[in-house]
Amino acid sequence: MVKAETAILDKAGIARAITRIAHEILEHNKGCKNLALIGIRTGGDHLAALLQARIKDIEGVIVPLGTVDITMYRDDLAARGNLPIGKTDIPFPLDGKHVVLIDDVLYTGRTIRSAMDALMDFGRPSTIQLAVLIDRGHRELPIRADYVGRNVPTAREEDVAVVFSQNQSPVEVKLVKP
Amino acid sequence: MSFKHKHILGIEQMAKEDIQLILDTADAFKEINKRDIKKVPTLRGKTIINAFFEASTRTRLSFEIAGKRLSADTVNISGSTSSVVKGETLEDTAKNIEAMAPDIIVIRHGHSGAPHYLAERVGCSIVNAGDGAHEHPSQALLDLLTMRDHKGRIEGLEVAIVGDITHSRVARSDIYALTRMGAKVRLCGPGTMLPPGIERLGNVKVFTSMREAIKDADVVMMLRIQLERQSNIMLPSLREYARFYGLNPTNVKLAKPDAIIMHPGPMNRGVEISSLVADGVQNVILDQVENGVAVRMALLYLVSGVESMQTL
């Protein structure tokens, strides 16, 4: 059976959402002093790089950018067997920073919990904020996003896929029905 | 590609993809060892027993630190202070350890095959930390990771391994690992220390002249003369050995100018390696030790994943 796919955002739509989120982040933090972006692998790290570029266009400042791999912090590792471990790269101290965590899709919130635990092992940020391209609901933990590209009501059986091109730029977001 | 080995008994059983995955996983774990808080919750609640029936500082410490940095509970027992001295058999010792429900037993034993023997008899994972003159898989893997760090690749590297090949489990594991990854291995030592037929292990050349063996090599790995494992039959004197098979500032120039110098430790300075070389700019000996922790974290993580999948 062929899976039914519905496009939610196209390339231009994603670009507009990223631009708006960049403005919101700057507005909320009153500029980019002590601001840092950390993308969650994989997906969030590509979006974080885009946000960094957009913030540079707006403010002319290159804010520090890092990536975090949450595999080591998962709460379902025992059930998942050995998942490949990706690289975490946070090349700047987190103490006193306003960290914006970036992920592509916010779902149960468990990934974000893992990512926050990882960040705490690196230092003590002043604040941790959350930016996501898609919020699809179904939270299992008390976590919400500060910046959302698009809210998409979904059923649990459905899947939200963010498609990236070869050079890691997002091209499409689609809802896949089983 | 997922990892399927419940036990790490030797490199001999591993495919190229397994080795690749272990090295990539170790690479990702390295970053933890540079943090202020050197701990992740990955193996929380797992119990790892380090059973070392033979002397070891580096490997035991390295496995213990690796386990602790992944939040596993690590417990050490050593041969000299265990019931082994009261005459308990290895199998009984292992069964008793198993009754306390560990997830992984890391074992070093003076007899080749001891980890295999246990793997067939206990339910938990067994990781070989060196068995007799057979294999020392974690050492070979950290050697490969160090080579890859410095040379960017393993395939095509000319690697000279010099010393007592016959008694060296490090050499055996390195030969398996290097040939499987496409490196060219040169083995060198006095005739009494070269086991006949070793060239059948793969892409291996055997030399008795050190100058020929290390000429234009990318990597020169010196093995320790295991003074405790041999009588005087193998070599007439240490001075003579140092003259013919020791690495010194003169013969090291025969290797490529950017060659790296490795040693699994502990070093006999002035015997197989002169202090000038051991402390020289080309040495990566402490990088090997540093990588050892990351490689052992990777092994514990991967083995533990296989085990938890099987119990589901």
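Predicted model: local features only at pLDDT ≥ 70, side-chain atom pairs only at ≥ 80, totals over all residues.

Me: How many residue pairs are in polar contact between chain B and chain A?
Reply: For this count, both residues of a pair need pLDDT 80 or more. On that basis, the number of pairs between chain B and chain A is 4.

Me: Which element gives the most to the side of chain B that touches chain A?
Reply: Two elements of chain B give two or more residues to that side, namely α1 (16-29) and α10 (285-311). The element that gives the most supplies 6 residues. That element is α10(B).

Me: And by class, how many nonpolar residues does that side of chain B have?
Reply: The side of chain B that touches chain A has 5 polar and 4 charged residues. Its count of nonpolar residues is 12.

Me: What is the area buried between the two chains, and which three residues of chain B supply more of that chain's part than any other three?
Reply: The area buried between chain B and chain A is about 1,600 Å², and carbon and sulfur atoms give 60% of that. On the side of chain B, three residues supply 31% of the area it buries against chain A. They are A28(B), R35(B) and Y301(B).

Me: Now to the pockets: which element gives the largest share of the lining of the largest pocket?
Reply: The largest pocket has a volume of about 800 Å³. Of the 42 residues that line it, the closest to its centre are R58(B), T59(B), P264(B), G265(B) and P266(B). Elements of chain B that give two or more residues to this lining are α2 (58-69), α5 (137-151), α6 (169-180) and α10. The largest share, 8 residues, comes from α10(B).

Me: Which residues are closest to the centre of the second largest pocket?
Reply: The second largest pocket has a volume of about 670 Å³. Its lining takes two or more residues from each of β4 (98-106), α4 (110-120) and β7 (159-164) of chain A. By class, the lining has 11 nonpolar, 6 polar and 12 charged residues. Of the 29 lining residues, the closest to the centre are R74(A), D103(A), D104(A), V105(A) and T111(A).

Me: Turning to the backbone, what is omega for the cis peptide bond that joins G265(B) and P266(B)?
Reply: Most peptide bonds are trans. P266(B) is in the loop between β9 (260-262) and α9 (275-278) of chain B. For the cis bond that joins G265(B) to P266(B), omega is about -10°.

Me: Where does T42(A) lie, given the cis bond from R41(A)?
Reply: The peptide bond from R41(A) to T42(A) is cis, with omega near -20°. T42(A) lies in the loop between β2 (35-40) and α2 (44-59) of chain A.

Me: Finally, what is phi of K30(A)?
Reply: K30(A) lies in the loop between α1 (11-28) and β2 of chain A. Most residues other than glycine have a negative phi. K30(A) has a positive value, near 55°.

Notes: Residues numbered from 1 in each chain as written. Chains lettered and ligands numbered in written order. Heavy atoms only, no water. Buried area = accessible area lost by both parts, 1.4 Å probe. Polar contact = N/O pair within 3.5 Å; in protein donor to acceptor, adjacent residues only side chain to side chain. Helix = DSSP H or I, 4+ residues; strand = E, 2+ residues; numbered from the N terminus. Nonpolar A, V, L, I, M, F, W, Y, C, P; charged D, E, K, R; others polar. 1 Å grid on protein atoms, 1.4 Å probe; cavity = no way out; pocket = protein on both sides within 12 Å on 5 of 7 lines; lining within 4 Å. Points joined across faces, edges and corners; volume = space filled by probe spheres on them.
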